[in-house]
Amino acid sequence: MFDFLRGLAILVAFYLLGMLLHRWGVPIPGGVLGLLLLYFALLSGIVNFHWVERAAGFLLRHMVLLFIPLTVGLMDMGGLLSRQALAIFASLLVSFLAVLLTTGLLGRWLFTQNGDAEISQ
Amino acid sequence: MTVAAILANPALTIVLTVAAYSLALALHRRWRGIPPLVAACIPVIAFLLLVREPYAAYNRGGNLLSWWLGPATVALAAPMFRHGRALRWSLPRLAIIVLAGSIVGMVTAGVTAWLLGAPLPVIMSTIPKSVTTPIAIEVCRELKGIPQITIALVILAGILGASFGPWLLRLVGVRDDRSIGAAIGTASHGVGTASLVRHSEMQATVSSWAMAAAGVFTSLLAAILALFLR
């Protein structure tokens, strides 16, 4: 339990730090700044991975719970959604295919050209 | 005491939401095909319609839960770090792939919505649709979009990737584990990644890293876009 709370406190601390930097004018969302700061803190060994492992796993596993309140707001948007349905869904489909094919084909080109098989099998 | 008076306590949002979420998890365990978010939102919406309460009444305590999306975003550093260690030598190439995918995703989503005549807030809501929900919501807010539309699109992008992603990739001859992982992680975030775990450890590892990196790149690119919009 203590492990978990300590991890949670560290995540919150990095989030607040990110928010602070955002408030001071860094144009990236506070959460993403916190992510980057924690990533570099982990890489440099300032934060031990085991301190945050459990709390991070918990938040990521139950993330769906956290965006239920926002999503329920869709109930007020029936009008807008039905008027813009074509634009919204076409954009989803086109963009999904474009991303998947760009990354997949670029990956095939970059990862298989020099026959390196270090970790892929 | 009226329903409104009970609903006026912000803590009730938590009770209702956690109850709906537990129900959704139970349904999801039995029928894998039901997305937990959909299964959780439908009973809440049905309840609100039944007692004739507006969304605002339910959402008074919404921030008590939504606020944690921030720390949840920070938590993505953990899988990114763990999987990054395993992928060391591929990381520069992976980063290039994810960056390219993120740019293509944002541009194609925005341009398609614009060509079909969507108003600006709707266009902005489609732009972060490939990345994991907490980051997509933040990016959507920075761009002055409508978070609810973004959430719906993010979930659908995840389902598309989990259902058809690997098949589509095979169709165009993408077969190696790292490319499949990078493509699914960039296009379909956590939902796509979870679907890969059953097939290959390597695909899931690359996909986890790609999903976090796509979130970071998309926020950076959106920050640049936001500068032009001012």
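**Figure 1. Buried residues of helix α3 in chain A.** In α3(A), the buried residues are A:Phe49, A:Val52, A:Ala55, A:Ala56 and A:Leu59. The model shown here and in the other views is predicted. Residues three or four places apart in an α-helix point the same way, because each turn takes 3.6 residues. The buried residues of α3(A) have packing partners in both chains. From chain A come α1 (2-23), α2 (30-44) and α4 (63-72). From chain B come α6 (69-75) and α7 (77-87).

Figure 2. Helix α3 of chain A covers residues 49-61, 13 residues in total. From first C-alpha to last, α3(A) reaches 17 Å, close to the 18 Å expected at 1.5 Å a residue. A kink of about 25° is centred on A:Ala55. A:Ala55 is also among the buried residues of this helix.

Figure 3. Chain A holds six helices and zero strands. From the N terminus on, its elements run α-α-α-α-α-α. The C-alpha atoms of chain A fill a box of roughly 55 × 50 × 35 Å along the principal axes. The radius of gyration of chain A is 20 Å, but a compact globule of 121 residues would have one near 14 Å. Buried residues account for 45% of the 121 in chain A. Of the chain A contacts between residues at least 6 apart in sequence, 47% join residues at least 24 apart.

**Figure 4. Chain B and its two domains.** Chain B has 13 helices and zero strands. Domain 1 spans residues 3-67 of chain B, and domain 2 spans 74-229. The C-alpha centres of these two domains of chain B lie 27 Å apart. A box of roughly 65 × 45 × 30 Å along the principal axes is filled by the C-alpha atoms of chain B. Of the 230 residues in chain B, 58% are buried. Among chain B contacts with a separation of 6 or more, 63% involve residues 24 or more positions apart.

**Figure 5. B:Ser102 in helix α8.** B:Ser102 is found in α8 of chain B, residues 91-115. B:Ser102 counts as buried because its relative accessibility is 5%, under the 20% cut-off. Beyond its neighbours within four places in sequence, B:Ser102 is in contact with B:Thr186, B:Ala214, B:Phe217, B:Thr218 and B:Leu221. The helix itself, α8(B), has 25 residues. α8(B) reaches 36 Å from its first C-alpha to its last, close to the 36 Å expected at 1.5 Å a residue. B:Gly117 follows α8(B) and has a positive phi, near 80°.

**Figure 6. B:Ala20 in helix α2.** B:Ala20 has its place in α2 of chain B, residues 11-30. The relative accessible area of B:Ala20 is 5%, so B:Ala20 is buried. Leaving aside neighbours within four places in sequence, the contacts of B:Ala20 are B:Ala40, B:Pro43 and B:Val44. B:Ala39 is 19 residues from B:Ala20 along the chain. The C-alpha atoms of B:Ala20 and B:Ala39 are separated by 7.9 Å.

How values were computed: Residues numbered from 1 in each chain as written. Chains lettered and ligands numbered in written order. Predicted model: local features only at pLDDT ≥ 70, side-chain atom pairs only at ≥ 80, totals over all residues. Heavy atoms only, no water. Helix = DSSP H or I, 4+ residues; strand = E, 2+ residues; numbered from the N terminus. Expected span 1.5 Å × (residues − 1). Bend = angle between axes of the 7 residues up to and from the residue. Buried < 20%, exposed > 50% of the residue type's maximum accessible area, 1.4 Å probe, protein only. Contact = heavy atoms within 4.5 Å. Domains from an automatic or database assignment. Rg over C-alpha atoms; globule rule 2.2 N^0.38 Å.
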